[in-house]
Amino acid sequence: MDVNEPAAAAPNSEETAWALRQLENIRESIDNVDAALIHLLAERFKFTQQVGRLKARHGLPAADLDREARQIKRLRGLAEEAHLDPEFAEKFLGFIVAEVIHHHVKIANDTGAIPTP
Ligand SMILES: C=C(O[C@@H]1C=C(C(=O)O)C=C[C@H]1O)C(=O)O
């Protein structure tokens, strides 16, 4: 039985038990991927915090739209190769970058650097 196909008829209790075990196994894999995503994001934020401190020290603007445009182009390409919706990849990056810029503005304000857009 393919897990992606709905059961043709009401499953018996043995089939249901099997399906529930399958569900548990797949969910374990999902949990592993979610944990990896969190660790990768934490790693990414460590680097972006470095960038934020560097920008604040040198009066550089928090956002860099040219860099973001290059990242979007690259990630959309990678998403297509990975059979992931490029729109989703772009939205996901945008969500993360918005948080990063928020951090950068806060670092600049906290260090008394001249606020830049
Ligand atoms: C991290 C930077 O700052 C901002 C955040 C970015 C990101 O999270 O990737 C990219 C460009 C900037 O708008 C950077 O300039 O590299």
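1. Histidine 83 is exposed, because 6 other C-beta atoms lie within 10 Å. By the criterion used here, a residue is buried if 20 or more other C-beta atoms lie within 10 Å of its own, exposed if 12 or fewer, and partly exposed in between, with C-beta atoms placed from the backbone. Histidine 83 sits in the loop between H2 and H3, and its phi is near 60°, a positive value in a residue other than glycine. Most residues other than glycine have a negative phi.

2. The basis of the note should be stated at this point. This is a predicted model, in which local features need pLDDT of at least 70 and side-chain atom pairs count only at pLDDT 80 or more, while totals for chains, interfaces and linings use all residues. Residues are numbered from 1 along each chain as its sequence is written. The mean pLDDT of the protein chain (the predictor's confidence in each residue, from 0 to 100) is 92, and 89% of its residues reach 70 or more. For the complex, the predictor gives an ipTM of 0.99 and a pTM of 0.86.

3. The protein chain contains three helices and zero strands, in the order α-α-α along the sequence. Helices (H or I, at least four residues) and strands (E, at least two) are DSSP runs, numbered from the N terminus. Of the 117 residues in the protein chain, 6% are buried. Two residues are taken to be in contact if their C-beta atoms, placed from the backbone, lie within 7 Å. Among contacts between residues at least 6 apart in sequence, 55% join residues at least 24 apart.

4. Helix H1 covers residues 13-57. The end C-alpha atoms of H1 are 65 Å apart, which agrees with the 66 Å that its 45 residues should span at 1.5 Å a residue. The expected span is 1.5 Å times one less than the number of residues in the helix. H1 is hardly covered, with three buried residues among its 45. These are Gly52, Lys55 and Ala56, and the buried residues of H1 pack against H3. Just after H1, glycine 59 has a positive phi of about 65°.

5. Helix H2 (65-81) lies largely in the open, because the number of buried residues among its 17 is zero. Arginine 74 belongs to helix H2 and is exposed, with 12 other C-beta atoms within 10 Å. Arginine 74 and glutamate 90 are 16 residues apart in sequence, and their C-alpha atoms are 9.8 Å apart in space.

6. Helix H3 (86-110) has 25 residues and reaches 36 Å from its first C-alpha to its last, close to the 36 Å expected at 1.5 Å a residue. His104, Val105 and Ala108 are buried in H3, and what covers the buried residues of H3 includes H1. Threonine 111 is placed in the segment after H3 and counts as exposed, with 11 C-beta neighbours inside 10 Å. Threonine 111 and glutamine 49 are 62 residues apart in sequence and 13 Å apart in space, C-alpha to C-alpha. Just after H3, glycine 112 takes a positive phi of about 75°.

7. The ligand is surrounded by Thr48, Val51, Ala63, Asp64, Arg67, Glu68, Gln71, Ile96, Val97, Val100 and Ile101. A residue is near a molecule if its C-beta atom, placed from the backbone, lies within 6 Å of it. H1, H2 and H3 each supply at least two residues of this shell, and H3 gives the most, with four residues. The shell divides into six nonpolar, two polar and three charged residues. In this division Ala, Val, Leu, Ile, Met, Phe, Trp, Tyr, Cys and Pro count as nonpolar, Asp, Glu, Lys and Arg as charged, and the others, Gly among them, as polar.

8. According to an unreviewed UniProt entry, the annotation "domain: Chorismate mutase" covers residues 17-108. UniProt positions are given in the numbering used here, feature names are shortened, and annotations may be inferred rather than shown by experiment. Over residues 17-108 the chain is 88% helix and 0% strand, and the end C-alpha atoms are 56 Å apart.
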